[in-house]
Amino acid sequence: MGYRQLVLSQSIVFMAGSMIFPFYVLLLRNVGDSYSQFGWAYGLFALASAVSYPLIGKWADRFGDKKLLLFYSLAMAALLLFFPLVTAVWQVYVLQIMMGILGAVQKNTEKAALARSTDKKHAGSDMGRYHFWTSVAAAASIIITGYLVDFLTIAAIFYIASLLYAASGIIIWRKHL
Amino acid sequence: MRAILFVLCYSTLFAASLYVYTQFYSRPAAEDAGRLLPARVKEIKQADGEETLKEIVSETGRTGSRLTIAGMQHSQGGQTYYPGAVMIDMKPFNKVLDFQPEKKLITVQAGATWDDIQQYINPAGLAVKVMQSQNIFTIGGSLSVNVHGRDIRHESLIDTVQSFRLLKPDGTIIQVSRTENADLFPYVIGGYGLFGIILDVTLSLTEDELYEKETRELDYGEYSRYFQEEVKENPAVKMHLARISVAPSSFLREMYATDYVKAGDQRLLEDYQALKTERIVALPKFFLGLSRHSGRGKDAFWNIQKKYMLEGSGSYESRNNAMRSETDFMTYESSTKTEVLQEYFVPVDEFASYIDDLRFVLQQEKEFNLLNITVRYVEKSDEAFLSYAKEDMFALVLLINQGKSEKEVEKAGLVIRKMIDVTLNHRGSYYLPYYSFPSKKQLETAYPRIDEFFRKKKQFDPNERFTNYFYEEYK
């Protein structure tokens, strides 16, 4: 997978991720509202990530970064379609566990892909550029979403984010860029 | 090929999710202050003008939608909403339409709050005759439950209403007063929004006055005599409020009572006339919090409250300020518990024996978390069809902390039905804007004309355009 393809696809992934992240709390608030439930929701997320990292690391070497990142994007696109339908806390917990596992896939593979697509000499500046573009995308989407929420519902945000994940998947799918 | 397959699957999933969401989940959720009846309503419509309201009502003729009317939603038994029905939010409909200080009359739209009225009439030296002790409620909501308050010289809210306009279920508007469409007057006031939408109301006002607060401690056994001889018979006393202890060490025995006595020198009113705003509430909130958790907390809260009130004895307050008590310290947030109200009316001469019986019941209910009881007085007022003051009554408002789970609601219901039985045995009645704990039989005993009320409702609104949880539960 080429460096530009990686930057572009992951920028879109970050856009979608930061779009839902701040507003995801509102969903939790609607479903359950004690601090212990917040704790559990995020704790399960982190725990699911933690236990899946070693396995994902091995998969990245076996199947290749591209396949895993593609899997991540498409799975997230599908998963987000369930968010607007959540009505109970246990459903939030299930989604959090799946998000945790997928999050680990993305984090681990993104780093592996970066390491593989840059040469050691320019690794620092390549990483810098990668983080620059993905962070710019994230910041822009947080700000824009703040305005969007005024006009749309929280559910619409999840649908838009799902489409963005699907778009990032399609970019990874294409052989060359 | 696989890409096409994914696009197909994804599109299908997307469409399915969107379909399910719009069909079942996009309906707005509604809930009232009792937080025991969350429901999905069809739609929440803002009452942003008379034309809008007329349209909403006439639309139901075509769509078959049912309507509910909501103000501040402090009724706790779903009186303001119903699953699948359109909920009309009256809060934006809040203009003062006419004010005639010389005649002491004000006409306001139903979504206005008591605070809106107070802000408007205070500069003219006028005050409301009857309202709740707090000023956060809308006029339309207060009329629909026919409130009473601390004032002991004017009966219930209905007695201060000159006239109102009603948007009927058929979409037409009529004027209702004691002379025009007079048969509807006692049904709509205290009618829980079942006869149509109250658009605007003309209320009679009174002078703002300066009161001296006199607080004293007394035993529950002396209270009836004290009230009849020293409060009722003393024309200088205009308002009255008492509290009876729910703390374990003085449970339903100790009381303190505050009388608002017209001050000798009314020229001082000027110094006290400015409307007070909510003070810092951290301290009472903290003690109320303690009292939720233990008997010791309740003892501490009772002692501090009593001391504070006794120390405040002799201080002055304007009528308008006495009618805008703090409420913020009572806000309570918990995902598993809620705080509900009950209000029982009992004839003045029955008070002591009633309290004895109530104590007997409650002492066996160790888990029942009763946080506060205030006592007010309401004069006999049988003008409203569903009148609760069948004779001169004391009104006891109980604040109860309870769980929201089905089991907890059932447990609270058992105790509450026992308390209502005790109340009914003492020729009492209970207030209707709360959760549907009471049985149908208890309702019929407290309100012997309830069936006639429901018959009138069906006759006036044959398609049952206007509804709510209370109506559906008991009709």
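**Entry 1: contacts along the chain.** I began with contacts in chain B between residues at least 6 apart in sequence, and 73% of them join residues at least 24 apart. I note here that this is a predicted model.

**Entry 2: overall form of chain B.** I counted secondary structure next and got 15 helices and 19 strands in chain B. The radius of gyration is 24 Å, close to the 23 Å that the globule rule gives for 475 residues, so chain B is as compact as a globular protein of that length. I also took the span of the C-alpha trace along the principal axes of chain B, which is about 85 × 55 × 45 Å.

Entry 3: For the accessible surface of chain B I have about 20200 Å², and carbon and sulfur atoms hold 50% of that.

**Entry 4: domains.** I looked up the domain assignment, which divides chain B into domain 1 (1–27), domain 2 (96–207) and domain 3 (210–439). I then checked the C-alpha centres of domain 1 and domain 3 of chain B, and they lie 55 Å apart.

**Entry 5: the largest nonpolar core.** Which residues touch the most other members of this core? Among its 131 residues, they are B:F164, B:I197, B:Y223, B:F351, B:F394 and B:L396. Helix α12 (residues 406–425) of chain B gives the most to this core, namely eight residues. Domain 2 and domain 3 of chain B each supply at least three residues to this core. A reminder to myself: in soluble globular proteins, nonpolar side chains tend to be buried together.

**Entry 6: a closer look at B:Y223.** I left aside the neighbours within four places in sequence and listed what B:Y223 is in contact with: B:L218, B:H240, B:A242, B:M255, B:A257, B:F351, B:V375 and B:F394. I also noted a second, separate core of 48 residues, which includes A:Y3, A:I20, A:F83 and A:A155.

**Entry 7: helix α3 of chain B.** Which residues of α3 (residues 114–121) are buried? I get B:W114, B:I117, B:Q118 and B:I121. They cover an arc of only 100° around the axis, which puts them on the same side of α3 of chain B. I then asked what the buried residues of α3 pack against in chain B, and the list is β6 (96–100), β7 (105–109), β8 (126–128), α4 (139–144), β11 (197–207) and α10 (319–322).

Key:
Residues numbered from 1 in each chain as written. Chains lettered and ligands numbered in written order. Predicted model: local features only at pLDDT ≥ 70, side-chain atom pairs only at ≥ 80, totals over all residues. Heavy atoms only, no water. Buried < 20%, exposed > 50% of the residue type's maximum accessible area, 1.4 Å probe, protein only. Helix = DSSP H or I, 4+ residues; strand = E, 2+ residues; numbered from the N terminus. Arc of directions from axis to C-beta. Contact = heavy atoms within 4.5 Å. Core = buried A, V, L, I, M, F, W, Y, C linked by side-chain atoms within 4.5 Å. Domains from an automatic or database assignment. Rg over C-alpha atoms; globule rule 2.2 N^0.38 Å. Areas by Shrake-Rupley, 256 points an atom, 1.4 Å probe, with all protein chains shown as cover.
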